[in-house]
Amino acid sequence: MPASRSMAALGGIALLGIALTACQEQSSGQIVMRNGARHVETVSNVSVHGCHRIREGVTHVDNYTQDSLLMYVTPDCTVPPGGQSIYLDGVSSDIAVRSNGPWRSFSFASD
């Protein structure tokens, strides 16, 4: 039995909605991390869920995504007593303050 055009269009719209929802699970763009002038790591299209460990401490982050980041000095995205996370807006850069130490992990700020 052939499908009607309206059913085919409805099915196409449903598939597009599913595809767009799946894309929202990842941040589109790159996050470039350096320690001083030395490049440490670049990550692309990272999952927006969970904690992301940086393989070594970084002092400079360029966020080329549309999503905001929270930067941590701990490897597990926790805030040490008396410390704080650093908010880094989408498409921006920041440099770690010497007194805080290098960043060792990041997560995406919830919208």
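This is a predicted model: local features need pLDDT of at least 70, side-chain atom pairs count only at pLDDT 80 or more; totals for chains, interfaces and linings use all residues.
Residues are numbered from 1 along each chain as its sequence is written, and side-chain values use heavy atoms, with hydrogens and water left out.

## Overall make-up

The secondary structure comes to one helix and eight strands, where helices (H or I, at least four residues) and strands (E, at least two) are DSSP runs numbered from the N terminus. Along the sequence the elements follow the pattern α-β-β-β-β-β-β-β-β. Of the 111 residues in the protein, 32% are buried; here buried means under 20% relative accessible area, exposed means over 50%, and partly exposed lies in between, with a 1.4 Å probe and protein chains only. Among the contacts (heavy atoms within 4.5 Å) with a separation of 6 or more, 62% come from residues 24 or more positions apart.

## The four-stranded sheet

Four strands form an open sheet in the order β3-β8-β5-β6, with antiparallel pairing. The edges are taken by β3 (52-58) and β6 (86-88), each of which has a single partner strand, so one side of each is left without a neighbour in the sheet. Neighbouring strands of this sheet are turned by 30° against each other on average, direction ignored; the axes behind such angles are lines fitted to C-alpha atoms, for helices over the stretch in contact, and angles run from 0 to 180 degrees between N-to-C directions. Strands of a sheet pair through backbone hydrogen bonds, either parallel or antiparallel, and two strands are taken as paired here if DSSP finds at least two bridges between them.

| Strand pair | Bridges | Opposite residues |
|---|---|---|
| β5 and β8 | four bridges | L70 and S107 |
| β5 and β6 | three bridges | M71 and I86 |

In a regular strand the side chains alternate between the two faces of the sheet. In β5, L69 and M71 point one way while L70 and Y72 point the other way, and all of these residues are buried.

## The aromatic pair

The structure holds one aromatic pair, and the rings of F106 and F108 have their centres 6.0 Å apart and their planes at 80°, so the pair is edge-to-face. For this assignment, rings of Phe, Tyr and Trp (its six-membered ring) pair if their centres lie within 6.5 Å, with planes under 30 degrees apart counted as stacked, over 60 as edge-to-face and the rest as tilted. F106 is buried, as is F108.

## S27 and its surroundings

S27 lies in the loop between α1 (5-23) and β1 (29-35), and S27 counts as buried because its relative accessibility is 1%. The side chains of S27 and D67 are joined by a polar contact of 2.8 Å, a polar contact being a pair of N or O atoms within 3.5 Å, of which, within protein, one must be able to donate a hydrogen and the other to accept it, while residues adjacent in sequence count only if both atoms are side-chain atoms. When neighbours within four places in sequence are left aside, S27 is in contact with N45, V46, V48, T65, D67 and F108.

One of these contact partners, N45, is found in the loop between β2 and β3 and has a positive phi of about 50° although it is not a glycine. N45 is partly exposed, with a relative accessible area of 38%.

## The disulfide

One disulfide (a pair of cysteine sulfur atoms within 2.5 Å) is present in the structure, joining C51 to C77 with an S to S distance of 2.1 Å. The torsion about the S-S bond of C51 and C77 is about 85°, so the disulfide is right-handed. The pair links distant parts of the chain, 26 residues apart, with C51 in the loop between β2 (38-44) and β3 and C77 in the loop between β5 (69-72) and β6.

C51 is partly exposed, with a relative accessible area of 39%, whereas C77 counts as buried at 16% relative accessibility. C77 also has a positive phi of about 55°, although it is not a glycine.
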